[in-house]
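Here is a short briefing on one protein model. Look at the sequence and the 3D view, then read on topic by topic.

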Amino acid sequence: MEGVWVLPQVSPSWTPTHSAGVCAFYGECGYNPEVNVSLVRSKVPCVSNTAAREPSAALLNLLSSVCPDLALGTAAAPRVCCSLAQVLALQLSVALSGAVLARCPSCARNFANIHCHNICSPDQSLFINVTRAVPVPGTNLFAVVEYQSFYRQEFAEASFASCQGVRLPATGGFALDTMCGLYGARLCTAQRWLDFQGDKSNGLAPLQIHFHLVPNGTGTGTGTGTGAGLEPLYVRAWSCGEAVSAQEQACSCQDCAESCPTITPPPGPKPPFRIGAADGALVLCVLLFGLLTLLFLLTRICHHRGSKQGLTLHPAPVTPPGCSVRWGDAVHRALVRVFRCWGVFVAAHPLPVLLVAVALVGGLSAGFRSLRLTTDPVELWSAPGSRARQEKAFYDQHFGPFLRTNQVIVTAPRHNRSRYHSVLFGAQNFSAVLSMEVLQALLQLQESLAAAAVPVPGTNRTVRLEDVCYAPLNPSNPAPADCCVNSVTQYFQNNRTRLAMVATQPHGTDTGTVDWRDHLIYCVNSPLSFKDITALELSCTAEYGGPVFPYIALGGYTGSEYTEAEALIITYSLNNFGRRDPRHMWVLSWESHFLQLVQDFQRRHHNLSVAFMAEVRPHSGPGSTHGSPTGAERHPPQVESKVTLALGGVAVVVGAVFAAMGLLALLGLPSSLIILEVVPFLILAVGADNIFIFVQEYQWGCALWGDLNGAVLYG
Ligand SMILES: CC(C)CCC[C@@H](C)[C@H]1CC[C@H]2[C@@H]3CC=C4C[C@@H](O)CC[C@]4(C)[C@H]3CC[C@]12C
């Protein structure tokens, strides 16, 4: 019910009198011939636009437990519009359907109150109008099969609000998920909630109830109502934060935001350090930098002057050194002394030194025999005692090796978001990546992955997705469609025709069209549904038969605004096999091919940003062209060829790495191949560079000696 609501001109035939103390129906008139399938078969009431009756003691007693809010206790001579049998039926139905709300007493009470007032209120005819009744065979009574119930919007909204946050621990969702029909909790409104309750196909209601929510100001609750004396019901609705009685408590914080303790926000961060209007740290850094630059420039200038004077006065290379040079020289001399001693010692005893070095390296490398290499990514990247590791170990032990996950994540950074006006769901924002063009591209990628036949190296068979995929609903003989692939296109069962479908949608008084976007909005809110509420009537479940949860297929959204998701995620779940199982090789082959296909896709779609990952490591997978880069060819060419010298430098580093690995192996520590990946860099950076430095130092030393000799001669 939207827009300004005007009470309809009701047909006076079944409820001609609408006034306080008068009923619209009373007692039971058999079963509704129009309702066959139901959970609990309740009888429908008889049309009876007569004065409310005095309840029996038994009825009063029952009412005080089923409908304590009917406030019968206060009245001297309480009256009701229901019989004992009716209240018993009411009690059963409300207990059955209200069980999910029991966690939150005030919500449960409001829910019961709605039907208590409908059935028993002494002023029933004020807000109830029977619209359809059928004659009861063999009597002159009429059974009610349809009625209207008029509520003040405020009352309905307050009752709804008290139940909105109630959780259903069994599903991890909300209780309203089970009480709002196809809309689920997220799209539920007070009107939709009541409509579902009054729908005779919900399994409990024996008749059809049309709830009309009257906004404030239309038909006031205090004065006489408009429309043939009707006055919308406006009674107290409990808020979820208040306790309904002294024995009961208010709803918990989990079920009711109002009950949550107010947490004083933590004190904000200290105000930033500022000097005037500028950032203090920045100003200090600039000053320090300026000072250091000045110092540097001054020393340079002083050094430059000194060397100029030296040149003009003393042409000989021996010049009075500057302050910085003197410092550097002192350190250099000290180092030279130490290393000269060491060098002279080594050069004087080449054989013993070499023998000791070889023996040391050889001895420690013997530890390689007990070397344990860790190649499993799980071992490499998760701590052995971590909770994740323990849970995985438990899973692997009881259910077999865990599935392999291969993912593609697509975003569209250069596209613009759009706004979509849905006939059913109102205006919604759609992110750039949720566009027909991107969805079609994703479909194409999935089709090519499903069609790919990949040769397995070392065998003469080819492997397809269905040979390796996890197919939960058809594990023995899966077809490509049975594979568990999570992706947003699965809301359309990966079917192009369904994705492109458009239908005419009647909605209230107007008609519009619905397309993939309406279906998507529906599915992200009710992923378990087999049929949407749009005229498209498509299922939300994936082609393989399982549901696609929006938080798995979409990423980068706030709260539950799934249509604003910045990323689409395709997840391929593949079976995992033991290393010795030949099928292990099949999966590796398929995953390598997956990487290639997605790379091609990435190259073809420049406007999309595509990230992807597979469990297979690119360089360990079969048929991969990736190798660990050694970078040897990138090194500058040697000035002078000293092959044995260069090899010696490399041998020193290799020896050191091997000795270190051997030592760790001897100590019982496992190693990983990551060590080997850094060896080339060590060889280049330490080994080869050392040799360059030695050679340069040696040549410089020779030249210096020559020059000095010359100077001495010249002098
Ligand atoms: C599926 C869930 C959410 C629906 C919950 C609404 C239930 C509790 C409501 C909807 C319609 C209601 C019924 C409407 C009419 C009658 C006839 C009356 O003589 C006895 C009570 C009885 C039988 C009501 C019992 C409660 C009822 C079944």
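A disulfide is counted here as a pair of cysteine sulfur atoms within 2.5 Å. The model is predicted: local features need pLDDT of at least 70, side-chain atom pairs count only at pLDDT 80 or more, and totals for chains, interfaces and linings use all residues. Residues are numbered from 1 along each chain as its sequence is written, and side-chain values use heavy atoms, with hydrogens and water left out.

**Disulfides**

- A disulfide is a covalent bond between the sulfur atoms of two cysteines.
- The structure holds 11 disulfides.
- One of them links Cys107 and Cys163, with an S to S distance of 2.1 Å. The angle about the S-S bond is 105 degrees, and this link is right-handed.
- Cys107 sits in helix H3 (residues 105-120) and Cys163 in helix H5 (residues 153-164), so the pair ties together parts that are 56 residues apart in sequence. Helices (H or I, at least four residues) and strands (E, at least two) are DSSP runs, numbered from the N terminus.
- Cys469 and Cys483 form another disulfide, with sulfur atoms 2.0 Å apart. This link is left-handed, with -75 degrees about the S-S bond.
- Both Cys469 and Cys483 lie in the loop between helix H14 (465-468) and strand S16 (485-486), so the pair ties together parts that are 14 residues apart in sequence.
- Cys523 is joined to Cys540, S to S 2.0 Å. The torsion about their S-S bond is about -80 degrees, so this disulfide is left-handed.
- Cys523 lies in helix H16 (residues 516-525), and Cys540 in the loop between H16 and helix H17 (550-553), so the pair ties together parts that are 17 residues apart in sequence.

- Buried means under 20% relative accessible area, exposed over 50%, and partly exposed in between (1.4 Å probe, protein chains only).
- Cys107 is buried, at a relative accessible area of 0%. Cys163 is buried too, at 0%.
- Cys469 and Cys483 are both buried, and so are both Cys523 and Cys540.
- Cys302 has 44% relative accessibility and counts as partly exposed.
- Cys341 is exposed, with a relative accessible area of 55%.

**The largest pocket**

- A pocket is an open set of points on a 1 Å grid over the protein atoms alone, where a 1.4 Å probe fits, with protein on both sides within 12 Å along at least five of seven lines; lining residues have an atom within 4 Å of a point.
- The largest pocket has a volume of about 2,100 Å³. Its lining has 43 residues, and the closest to its centre are Phe339, Arg340, Trp342, Gly343 and Phe694.
- Helices H9 (323-348), H10 (350-365), H19 (643-666) and H20 (674-714) each supply at least two lining residues. H20 gives the most, with 15 residues.
- By class, the lining has 28 nonpolar, 9 polar and 6 charged residues. Ala, Val, Leu, Ile, Met, Phe, Trp, Tyr, Cys and Pro count as nonpolar, Asp, Glu, Lys and Arg as charged, and the others, Gly among them, as polar.

**Confidence**

- The mean pLDDT of the chain is 85, and 88% of its residues reach 70 or more. pLDDT is the predictor's confidence in each residue, from 0 to 100.
- Residues 220-226 have pLDDT below 50, and this stretch has 12 contacts in the model beyond near neighbours in sequence. Contact means heavy atoms within 4.5 Å.
- The predictor gives the complex an ipTM of 0.97 and a pTM of 0.53.

Notes:
Grid points are joined across faces, edges and corners, and a volume is the space filled by probe spheres set on the points.
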